[in-house]
Amino acid sequence: RHGGVDFLRTARAACSRLFGRGDFGGSTITQQLVKNIGGERERTVARKLREMTRAQMLEARHTKEEILEAYLNIVPMDEGLVGVGAAARAYFGRDASSLSLAEAASLAAMTTAPARLSPRRHPEENRARRDLILREMADQGYISEKEMRIAAETPIILSPSDTSEVTTVTSWYTDMVVTDVIRDLQERLGYTYTTASMLVYQGGLKIETAMDEDLQ
């Protein structure tokens, strides 16, 4: 329901920052999306004000569904993964659209602190956060009490960690394709070089080219 910025929470977070009790915090998903796209990380008032202004502009031009979709495609996850699509394949071996309610809540639980709430490295912490999310979903009418109980009782079964060896040797053709895609992500979608590189190398993107490997 917010217009991009939760001013009350931001004011509280600013007071905490002022008295040395933590970072600014208080960010909405829209603000987090702006920060992830822009790549700015300095902890300054100027950066926070830019983030708030850009978040309001984003809300004026896009729907909540579009903003959430963009956030879920670019949110950093654990193990160098970017976006819930890549995380779904890494942790559960299938696309995000095929996840169960319990599995989807498990990934949602990671977004606030990916390393600390990883279902692989910290399963108990992840489960506690997952169950809190399920409880909130039931309280807000997104799922029924029965669906919440079933999901909360469902054990999370993870895919084996991928330890396969991947070659780092690439052809000039592959190098050029990667360079072109990173440039296009910057020019057409406004990503920073760092964010575009993360999406290409760790975001689960599938890039199809015209190269015939045998002829090459």
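For the notebook, a salt bridge is a side-chain nitrogen of Lys or Arg within 4 Å of a carboxyl oxygen of Asp or Glu. Both residues sit in helix 7, 4 residues apart, about one turn of the helix. I took helices (H or I, at least four residues) and strands (E, at least two) as DSSP runs, numbered from the N terminus.

A note on the source: this is a predicted model, where local features need pLDDT of at least 70, side-chain atom pairs count only at pLDDT 80 or more, and totals for chains, interfaces and linings use all residues. Residues are numbered from 1 along each chain as its sequence is written, and side-chain values use heavy atoms, with hydrogens and water left out.

**Arg135 again**

Next I looked up the other partner of Arg135: its side chain also meets that of Glu145 in a salt bridge, 2.5 Å from N to O. This pair links distant parts of the chain, with Arg135 in helix 7 and Glu145 in helix 8 (residues 145-153), 10 residues apart. I get a relative accessible area of 30% for Arg135, partly exposed, and Glu145 at 37% is partly exposed as well. My cut-offs: buried is under 20% relative accessible area, exposed is over 50%, and partly exposed is in between (1.4 Å probe, protein chains only).

**Other salt bridges**

The structure holds 11 salt bridges. I picked out Arg121 and Asp78, whose side chains meet at 2.6 Å, N to O. Arg121 is in the loop between helix 6 and helix 7 and Asp78 in the loop between helix 4 and helix 5 (84-92), so the pair ties together parts 43 residues apart in sequence. Asp78 counts as buried, at 7% relative accessibility.

**Largest pocket**

I then checked the largest pocket, which has about 2100 Å³ of space. A pocket here is an open set of points on a 1 Å grid over the protein atoms alone, where a 1.4 Å probe fits, with protein on both sides within 12 Å along at least five of seven lines; lining residues have an atom within 4 Å of a point. Grid points are joined across faces, edges and corners, and the volume is the space filled by probe spheres set on the points.

I count 45 lining residues, with Ile29, Leu68, Tyr71, Ala108 and Thr111 nearest the centre. Helix 4 gives the most to the lining, 6 residues.
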